[in-house]
Amino acid sequence: MPLEMNREVFITCAVTGSGGTQDRSPHVPRSPKQIADSAIAAAKAGAAVVHCHVRDPETGTPARDLALYREVTDRIRDAEVDVVLNLTAGMGGDIMFGGVETPLPPIAGTDMVGASERVAHIAECLPEICTLDCGTMNFAEADYVMTNTPGMLTAMGRMMTELGVKPEIEAFDTGHLWYAKQLVKDGVLDSPALVQFCMGVPWGAPDDLNTFMAMVNNVPDDWTFSAFGLGRHQMPYVAASVLAGGNVRVGLEDNLMLDRGVLATNEALVGRAVEIIERLGASVIGPGEVREKLGLVKRARP
């Protein structure tokens, strides 16, 4: 298996995510202004793409509010720095089951809505990229399931394609990549596609290199891939993905620490990734080059 290192790498910064990290670090942004400011700082540090969720400004809990998304995207677009906008479309498919003897009805924390509502903020804000979580899986929590049925993914994928927004396929396990290729075969998604390998998320694909390379080796030759690992594995996966021919993702969604005992900011994580990439002998490309590579068109405010 030859070493096919990527020499022109783009960095995605996952700015805040939807996990319960809001009280674990003061650097996790909550308000639209904080999220936009952190995304802009990450772009200045070298991120070509910013991947954004929104949160309730008061509690920091994850939200799907269109007004919050619109404020974040408007603030980023109004900034002097150029960056590719990538919004999540992963919210709205969460089931929290009751106990093992009484799983139904679902309990607090369940958030299940239809395809149109899950994509409403994408249609409203028209980012260049949005995510498509390409499968259903158990997460670390005992009774939580992230649900993305084939029917739901087909409907959402068609909506994204019709809007002219490029899906970033989120592959949390090997079967998710398998189904993504089927969506392309069925004409739901355009080819060449963009895929993100989400490594080490319990209980998806483990973050060992054998599993990672098995996924990499199943990416169609004309697709573009990126990858990330969680926590202390975030920076090792920067190197692993570049060496395997891919791009990288870092950010507070996936990791709160810069070093042992040192809380990170998004721009510091991006800066560390830039250093690793350049020390490997590759270069970090900017948003203009990413648009050319992925066939994206920069959009102003809708």
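At 3% relative accessibility, Y237 counts as buried, a class that requires under 20% relative accessible area, with exposed meaning over 50% and partly exposed lying in between (1.4 Å probe, protein chains only). F212, at 0% relative accessibility, counts as buried too. The model is predicted, so that local features need pLDDT of at least 70 and side-chain atom pairs count only at pLDDT 80 or more, while totals for chains, interfaces and linings use all residues. Residues are numbered from 1 along each chain as its sequence is written, and side-chain values use heavy atoms, with hydrogens and water left out.

The structure holds 5 aromatic pairs, where rings of Phe, Tyr and Trp (its six-membered ring) pair if their centres lie within 6.5 Å, and where planes under 30 degrees apart count as stacked, over 60 as edge-to-face and the rest as tilted. In one of them, F139 and Y144, the ring centres are 5.4 Å apart and the planes stand at 55°, so the pair is tilted; both F139 and Y144 are buried. The rings of F212 and Y237 have centres 5.2 Å apart and planes at 80°, so this pair is edge-to-face. Because F212 lies in helix α7 (residues 209–216) and Y237 in helix α8, the pair ties together parts that are 25 residues apart in sequence. F197, F212, F225 and Y237 form one aromatic cluster.

The strands build a closed barrel of 8, running β2-β3-β6-β9-β12-β13-β14-β15 with parallel pairing; helices (H or I, at least four residues) and strands (E, at least two) are DSSP runs numbered from the N terminus, and two strands pair if DSSP finds at least two bridges between them.

Strand β9 is largely enclosed by the rest of the structure, because 5 of its 5 residues are buried. I129, T131 and D133 point one way from β9, and C130 and L132 the other way. Strand β6 (residues 84–87) pairs with β9 in the parallel sense over 2 bridges, whereas β9 and β12 pair in the parallel sense over 5 bridges.
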